[in-house]
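I opened this notebook to keep track of what I look up in the structure. The entries follow the order in which I went through it.

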Amino acid sequence: MRALTARAPPGPRHNTIVMHKFLLAIGLFLCLQSIGQLPTDVLRYSWTVPGGTAREQAIGGAMGSLGGDITSAFVNPAGLGLYKTSEVVLSPGWRFLKDQGNYLGTGTKAPAINRFTVGASGAVFGYGGRDPGVSNAFAIAVNRTADFNSHVSYQGINTYSSYSEQYVEEFAASGLDINAGISSPSLDYGTRMALYTSLIDTATMGGILQVIGQPQKSGRLLQQNDLRSSGGITEIDLSLATCQHDKWYFGVSLGIPILSYTRQQTFTESDASGNPNNDFESFTYRETYTTKGSGANAKLGFIWSPSTPWRVGLAIHTPSIYGLTDHINASMITRTENYTSLKQVSISSDSLDQITGVSPQPNSVTYDLSTPWHFLISGSYIFGSGEANTSKQKGFITADLEYVTTHNPHYSVPSDQDQTGASDYYDQVNQAVKQLYKGTYSARIGGEMKFNTFLVRAGGAYYSNPYAQSGLKVDRLYLSGGLGYRSKAFFADLTYVQRLSRDIDVPYLLADKENSYASLKESGGTLLFTIGMKW
């Protein structure tokens with residue numbers, strides 16, 4: 001059995017991406033249940049932009065050598081060593097975003113998203129050391145280190161491929177007959193539902209039994225994809241730092257990241273040929289996909305002040321080691337005109353398992369994930385740092401450069417589970433991740449000017465393209481500005497961060513042809529307010 005040979009595209013293709021067949025074999029690998037981790041999933045947890053306090057966000061997130069802010073616990077914990085007193089901090093905020101997608105030459109705007117958020121919050125306790133010139137600080141802090149909230153929508157006319165072809169490929173490679181395929185937990189829910197609703201079928205052509213997709217008979221398809229994502233990573237950190245004679249600062253943080261992600265997808269494919277008798281009218285696939293879990297990580301940091309105005313910082317973040325569980329619920333509605341006696345057939349993943357007697361339901365899977373390493377170098381210059389009274393300091397300029405091994409996350413089977421077959425699957429996914437992505441850089445710069453008790457800040461940050469394939473326009477740019485107020489026992493900061501982001505979304509992957517993708521542009525901002533008390 002094999003899939004039908006792909007048609008040559010009739011004209012220029014918009015936004016196509018070439019994936020090596022080794023990568024796409026992952027989607028066809030049948031040793032696991034109907035949920036599998038793809039290389040695209042890992043980027044969500046690896047290419048992230050953490051939040052912080054309003055002060056830290058106003059200076060572009062550059063906190064690798066500056067210190068004196070609770071966000072140091074999540075960037076360079078050595079910066080906590082600058083604390084000589086104690087403080088409690090709360091950073092509420094409001095985030096609003098707009099996404100625009102361009103797919104096959106058609107632009108679509110998605111509805112705006114507005115969400116409450118919380119930046120770096122917690123408490124820092126500064127205390128003296130046993131020896132003169134030595135001080136220490138302990139912090140317990142919580143921060144939103146990744147935000148998954150988005151609403152992406154795009155559509156376009158496709159004359160080259162169909163969403164159903166991924167189901168054709170998987171079923172053709174399985175070697176199963178239709179009845180066995182419908183009840184096989186080794187196949188994706190989409191493939192099983194496509195068989196049940198006759199979206200895909202078998203036919204003898206030229207004496208050879210082949211797998212066909214009804215939409216392929218159209219030749220002109222309107223494809224619409226709507227993706228709503230929510231959740232994020234909230235990290236709790238315990239940090240300890242020490243200061244040696246206001247020249248050497250060392251710090252360590254132990255983090256517990258708590259991950260929650262939900263994606264609701266609606267993909268519709270409709271016949272746009274105008275032919276009412278080609279056995280296909282439309283189908284709609286809906287899916288709710290969730291990932292939940294928690295993990296652990298560590299951060300080590302060092303800051304050196306070679307002379308009074310200068311500070312140099314270095315930090316290393318270990319991978320976060322997660323234990324995660326994915327869960328899926330899906331449904332499909334197919335209309336095939338007069339191909340079957342029923343013009344419309346619908347089925348859900350739960351109903352499909354009940355009808356076919358599949359037990360236990362293959363709608364969840366548990367696995368381990370190790371995220372990338374982070375390496376950071378930073379420098380700061382403090383204006384007026386020679387003043388004995390820090391309130392007379394005039395401001396600063398600071399910059400960070402960070403490298404992330406985005407190509408090196410690692411999936412694995414939990415040690416308490418049967419690793420038969422699954423280990424080979426994850427090995428393929430890990431190899432695919434290394435080929436699909438590359439290490440990324442981020443550059444952050446910011447500054448502050450002090451006018452007695454009032455402060456003015458500005459900054460920016462740039463996050464580079466994580467994809468190894470050239471020609472993909474993917475990056476993130478942040479521009480920020482803010483105001484602050486300081487007194488002996490109280491401080492307040494207000495910041496606005498403007499986000500300009502470019503990304504791509506590949507609606508489906510095929511092994512026998514190039515894959516079209518949507519170009520995404522996201523714009524929006526975050527308004528963040530931090531209030532704190534010192535003692």
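This is a predicted model: local features need pLDDT of at least 70, side-chain atom pairs count only at pLDDT 80 or more; totals for chains, interfaces and linings use all residues.

Entry 1, charges over rings. I began with Arg476, whose charged end sits over the ring of Trp47, 3.8 Å from its centre. I counted a charge as over a ring if NZ of Lys or CZ of Arg is within 6 Å of the ring centre and within 35 degrees of the ring normal. I also noted Arg44, which lies over the face of Tyr261 at 3.9 Å from the ring centre.

I number residues from 1 along each chain as its sequence is written, and side-chain values use heavy atoms, with hydrogens and water left out.

I found nine helices and 27 strands in the chain. These are DSSP runs numbered from the N terminus, with helices (H or I) of at least four residues and strands (E) of at least two. Along the principal axes, the C-alpha atoms fill a box of roughly 90 × 45 × 35 Å. Buried residues make up 53% of the 535. Buried means under 20% relative accessible area, exposed over 50%, and partly exposed in between, with a 1.4 Å probe and protein chains only.

How many aromatic pairs does the structure hold? I have 26 in my notes. Rings of Phe, Tyr and Trp (its six-membered ring) pair if their centres lie within 6.5 Å; planes under 30 degrees apart are stacked, over 60 edge-to-face, and the rest tilted. Tyr45 and Phe148 have ring centres 5.7 Å apart and planes at 65°, so I wrote the pair down as edge-to-face. Tyr45 is in helix α2 (residues 39–46) and Phe148 is in the loop between β8 (134–147) and β9 (150–158), so the pair ties together parts 103 residues apart in sequence. Both residues, Tyr45 and Phe148, are buried. For Phe250 and Phe302 the centres are 5.5 Å apart and the planes at 40°, so that pair is tilted. Phe250 belongs to strand β13 and Phe302 to strand β14 (residues 282–304), 52 residues apart. Phe250 is partly exposed at 38% relative accessible area, and Phe302 is partly exposed at 22%.

I listed one aromatic cluster formed by Tyr163, Tyr167, Phe267, Phe280, Phe283, Tyr285 and Tyr508. Is Phe280 buried or exposed? At 0% relative accessibility, Phe280 counts as buried. Phe280 lies in the loop between β13 and β14. Leaving aside residues up to four places away in sequence, Phe280 touches residues including Leu199, Pro215, Glu269 and Arg335; contact means heavy atoms within 4.5 Å.

Most residues other than glycine have a negative phi. Ser198 has a positive phi of about 65°. I placed Ser198 in the loop between α7 (189–196) and β10 (200–205), and at 16% relative accessibility Ser198 is buried. His245 has a positive phi near 60°. I located His245 in the loop between β12 (221–244) and β13 (248–271); at 55% relative accessibility, His245 counts as exposed.
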